[in-house]
Amino acid sequence: MAAHRKPRNSPLGGQAVRTAATLALASAATATVFEGSGQAEPRLTPAQVKAKVDRLYQEAEVATEKYNGAKEKADEARGALDRLRDEAARRTERLNTARDALGSTAAAQYRSGGLDPAVQLALTSDPDEYLARAALVEKAGERQATAVTSVRRELAGIRQLHAESTERLTRLRGHEAELRRQKSAVRGKLDEARKLLARLTAEERARYEAAATGSGRGGDGSGGFAGTDGARADRAGDGRGPVAAPNGRAAQAIAFARDQLGKPYVWGATGPSGYDCSGLTQAAWRSAGVSLPRTTYTQINAGQRVSRSELAPGDLVFFYSGISHVGLYIGGGQMIHAPRPGSPIRVAPIDEMPFAGATRVA
């Protein structure tokens, strides 16, 4: 009977298996299509690439100014730490001298039999000798007391210096960590901008770089973006003619900036071969004998605030809401500034960026 038993049908018959396989393949194909669509980067227009790259460069400049601030604080902390260590070394030397003096006194007492000088004095039988020795013992006691006081004072001072050095070292490490973070942020933004620019055609890239370097139409270093103020400017606006500066120091700062035209933007640099925006203005005014702080957000508070309508050659002009860019005003609605990586120091109209304020240094 068992030999004639009808075989049991599988829950998934041949047709069912074929159907399931077909559905599985279709699902896999659909998933592949969707996955490929999700990974494909959309094609950006040149205008979109320009907008994104400009935004990345502006964000990189924000990070650059934070880097400059962190570097300034790290340098100050390092200098303070070095001064504390030098002072600790000097005090240690004085401590060793005081200890040597005490050691000499102890050795002399040991050689004389280890008796206290007062006991030795009491044993003498000659009155004259007694009086002479008494004066010597008194002086010796004063010298010894002074030496002990000196040792104690130097020990206390060295302990205090060590505590201050530890605190300074902690601050320095914090500033150095911030320095590394901002350095990484700058490089990340610049790398992202380079990748975006690489997606442009050679012709599109050339047009973008011509505008960035100021070699586009206009021929005056403005890259063809001069505004109405620039159109009305005299030839002082090209950065190379004479500028009617309000005083000698402003004239010197402008002359220095003019001599830097064409040098590259280098983030974090203060010259002489390259500059970032605040490094250029700092160096320009330093040449005129005026010391400016390092960053844009501190330079804006380094003088008297002036309105846009009151601008005079030599004033510092600031841009963006975060005060992340600065240039040196030269009159006629123009400034000399270090724009960004890939764009050398040049003359540009102040209305090519969002104006944030101005400061008169001198």
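## Surface and overall make-up

Accessible areas here come from the Shrake-Rupley method with a 1.4 Å probe, and for residues only the protein chains shown count as cover. On that basis the chain exposes about 20,900 Å², with carbon and sulfur atoms supplying 54% of it. Keep in mind that this is a predicted model, where local features need pLDDT of at least 70, side-chain atom pairs count only at pLDDT 80 or more, and totals for chains, interfaces and linings use all residues. Residues are numbered from 1 along each chain as its sequence is written, and side-chain values use heavy atoms, leaving out hydrogens and water.

As for secondary structure, you get nine helices and six strands (DSSP runs numbered from the N terminus: H or I of at least four residues for helices, E of at least two for strands). Of the 362 residues, 35% are buried (under 20% relative accessible area; exposed is over 50%, partly exposed in between, with a 1.4 Å probe and protein chains only). Take the contacts (heavy atoms within 4.5 Å) with a separation of 6 or more: 66% of them link residues 24 or more positions apart.

R286 sits in helix α8, which covers residues 277-286. R286 counts as partly exposed because its relative accessibility is 46%. Its C-alpha atom lies 9.6 Å from that of Q252, 34 residues away along the chain.

R346 belongs to strand β5, residues 346-349. With a relative accessible area of 8%, R346 is buried. Its side chain makes a polar contact with the side chain of S343, at 3.5 Å (a pair of N or O atoms within 3.5 Å; within protein, one must be able to donate a hydrogen and the other to accept it, and residues adjacent in sequence count only if both atoms are side-chain atoms).
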